[in-house]
Amino acid sequence: MPITGGGRNSNVTVAIIGAIAIVVAAAIGIVPYIMNGDPPATIDTDPKNTANASVSYVAQFGNYGSQQNQFNEPNEIAINSQGHIYISDKINNRIQIYDSGRNFIGEITSYGDEQKFNLPHSIAIDRYNNVYIADLGNNKIVVLDSNGNLKLTFGSFCSAVSGEYCYDPDGDGPLKEGDGQFHSPYGIALDSKDNIYVTDVTSFYVQKFDNAGNFLAKWGGRGGDSGKFLSPHDITIDNSDLIYIADKGNNRIQVFDSAGSFKRVFDNSSYDKKIFDEPNGINFDKIDNLLYITNSGQKNNFVVLATGGELVTEFGSKCDMGNDDGCLDIDGEGPLSKGDLQFNDPRGIAVDKDKRIYVVDGFNHRIQIFTIEH
């Protein structure tokens, strides 16, 4: 179906030396200074394996609802070469599209013969501005051109629990039962050859397809060993085609090559404090060679790693905007407003050509934008 349709700004910088969550500020006594209207320029902790970084809040947009510029549990975000922003508005069963100035362009609610989206989850965009969508409720991958016209769909339902509706695509050939099928496709990413990788949160597998949707390989299965998963969520790929997967249930990031061979893992044992808390979203910044991760557990924060896994910084804490639960006015009466740079189930991440970072703040039904210098 072709596209149909038609924040607030500030530039405050919160300097962060080392890795620090905003919630720690309260614990170490910074909040009283903020409430007295004299916020410190620097929050100093001195944890191991960190570097200097500063986070600058830019803007936010969206709130709860079903109208234009409103969201109901948005999940993923991607930006094309023209700066157009695509957001999966999951519960509203649509993809909303904005220009680089965050002006609403249109929405996509269906594809093909008016097949309606059913909980569209993750989005990836290739070099030609084709849009790849993991349509979770329909257990399909949908590929659209930049005008929203259908190019390709592939996939069908296969029960990871009972084996019901699973089939062997080529009889007794190389393909096995369930290959190329899904039971909740979650994350989606593309490598340098435009191969497509899809995480399946319920079957605990990662599947690889060529750009025509032909099944190539899969790996994983349920478990905590290397190469196994518990609720694999988002997926991203770096400049060398290494694949990073947010293994949410195991509180870790697993790294594989393009053939699915396990390379290494980043987990909480790698650091001197807990870093991963149900990691949900993940994105590789191909400009700065940094890995961005959102935690959706108790931490509700944003983590920055170098490619070797070194912690650059972390920030954020839980703020439920709907109930005003845990929301802080970080700089008193300054440019930051209550709840800025805090999250409630942060999810997908995207980076634009100007190095602005966009984070889907799922249960707050909004998108937050900031920059990081390190």
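I started with the torsion about the S-S bond of Cys-158 and Cys-166: it comes to about 90°, so this disulfide is right-handed. For my notes, a disulfide here is a pair of cysteine sulfur atoms within 2.5 Å. The sulfurs of Cys-158 and Cys-166 sit 1.8 Å apart.

A reminder to myself: this is a predicted model, where local features need pLDDT of at least 70, side-chain atom pairs count only at pLDDT 80 or more, and totals for chains, interfaces and linings use all residues. Residues are numbered from 1 along each chain as its sequence is written, and side-chain values use heavy atoms, with hydrogens and water left out.

Next I asked how many disulfides a search of the whole structure finds. The search gave me 2. Cys-319 is joined to Cys-327, S to S 2.1 Å. I looked up the torsion there too, and about 85° makes this disulfide right-handed. Counting bonded cysteines along the chain, I get the pattern 1-2, 3-4.

Then I wondered: are Cys-158 and Cys-166 buried or exposed? Both are buried (under 20% relative accessible area; exposed is over 50%, partly exposed in between, with a 1.4 Å probe and protein chains only). Cys-319 is buried at 0% relative accessible area, and Cys-327 counts as buried at 11%.

Last, I checked the whole chain. Of its 374 residues, 56% are buried. I found 2 helices and 31 strands; these are DSSP runs numbered from the N terminus, helices being H or I with at least four residues and strands E with at least two.
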